[in-house]
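Visitor: Hi! I'm new to this one, could you walk me through it?
Guide: Happy to, here it is.

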Amino acid sequence: MSRLQHQIEVRVSRGETAFIPYIMAGDGGLSALRERLQFLEQAGATAVELGIPFSDPVADGPVIQEAGLRALAAGTTLRGVLEEVASFKEELSIPLVIMTYYNPVVQLELTTFAQLAEAAGIAGVIVPDVPLEESEELKAALNDVSIDLIQLVSLTSPAERIGRIAEASQGFVYAVTVNGITGTRQSLPDEVFTHLKALKAVSPVPVMAGFGVSLPEHIEQLGAVVDGVIVGSYVVDAFQKGAEDTILPLIGQALARKDRLAVNK
Ligand SMILES: O=P(O)(O)OC[C@@H](O)[C@@H](O)c1c[nH]c2ccccc12
């Protein structure tokens, strides 16, 4: 079974909400990566989504875009990140998910990417600009080395498409809770919860909700309907300010057991 799916299910079976922070690889220099990953593992993250900087990040909001620019200025490349992770992977026990646009993958070549990712112990890959219909080749290359290809689903897609995406997704399915770009915000619209429940009901893999999650309340509310949350901009901003301790209350909320009676009903 998928390592990612297993880790998420372990957390959920304990009554927790799975928590996947996103960080931009190479922000703060590639040498900061190892320490940041260790910090997140020790703090209780379920897995980490590791972003690869790219010059044209169409889905990224301003915080992630700026982190990407800093990482690019520091000379960060997809190959460099994977080689760096390979050098310390034994020290980490939580799974890593690479988030990259397709262009850097194509430049590296699909099979080289898959081999380097395998050598780095990567568990899953997210490529937001490869739609389901065009993902076969990428999926085959990754599955050859036992790496999951995670699909993103927009909650406003037709029900039939949502079902197909969840069926095809491996490790978990990434539920995008806002139309638009990444970034923090105050409250989650009501219809998000209705859509998430519908997705959860049809998905054979765990459902992780991301985009705009930045407060403990968001995690409490989302944890009641899905398996976990992904937090990007808040985490990237915290590391950049040297204020990573402000991530701890979010992880604390995710680790707090939900009311078991309610959950088991
Ligand atoms: O930053 P937010 O709103 O917390 O959302 C997570 C997001 O940043 C991360 O998962 C991500 C960064 N870039 C992406 C591009 C597409 C999908 C997802 C992402």
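Guide: We'll start with the sheet and then turn to the helices.

Visitor: Anything to know before we start?
Guide: This is a predicted model, where local features need pLDDT of at least 70, side-chain atom pairs count only at pLDDT 80 or more, and totals for chains, interfaces and linings use all residues. Residues are numbered from 1 along each chain as its sequence is written.

Visitor: Let's zoom in on β7. Which strands does it pair with?
Guide: Strand β6 (residues 173–176) pairs with β7 (residues 207–210) in the parallel sense over 4 bridges. β7 is also joined to strand β8 (residues 228–231) by 3 bridges, and these two run parallel.

Visitor: What is Gly210 bridged to?
Guide: Gly210 of β7 is the bridge partner of Val176, and in β8 its partner is Ile230. Elsewhere in β7, Met208 has Tyr174 standing opposite.

Visitor: Which way do the β7 residues point?
Guide: Val207 and Ala209 point one way, Met208 and Gly210 the other, and all are buried. Buried here means 20 or more other C-beta atoms within 10 Å of the residue's own, with 12 or fewer counting as exposed and anything in between as partly exposed; C-beta atoms are placed from the backbone. In a regular strand the side chains alternate between the two faces of the sheet.

Visitor: OK, helices now. Where is α6, and which of its residues are buried?
Guide: Helix α6 covers residues 110–119, and its buried residues are Phe113, Ala114, Leu116 and Ala117. They pack against α4 (78–88), β3 (96–99), α5 (102–108), β4 (124–126) and α7 (136–144). Just after α6, Gly121 takes a positive phi of about 75°.

Visitor: How do α6 and α7 cross?
Guide: Their axes come within 9 Å and cross at roughly 35°. Axes are lines fitted to C-alpha atoms, for helices over the stretch in contact, and angles run from 0 to 180 degrees between N-to-C directions.

Visitor: Which residues meet there?
Guide: Leu110, Thr111 and Ala114 in α6 meet Glu137, Leu138, Ala141, Leu142 and Asp144 in α7. Contact means that C-beta atoms, placed from the backbone, lie within 7 Å.

Visitor: What about α8 and α9?
Guide: Helix α8 (residues 159–168) and α9 pack at an angle of about 50°, with their axes 9 Å apart. That makes α8 oblique to α9. Ala159, Ile162, Gly163 and Ala166 of α8 make the contact with Ala198, Leu199 and Val202 of α9.

Technical notes: Two strands pair if DSSP finds at least two bridges between them. Two residues are in contact if their C-beta atoms, placed from the backbone, lie within 7 Å. Angles under 35 degrees count as roughly parallel, over 145 as roughly antiparallel, 65 to 115 as roughly perpendicular and the rest as oblique.
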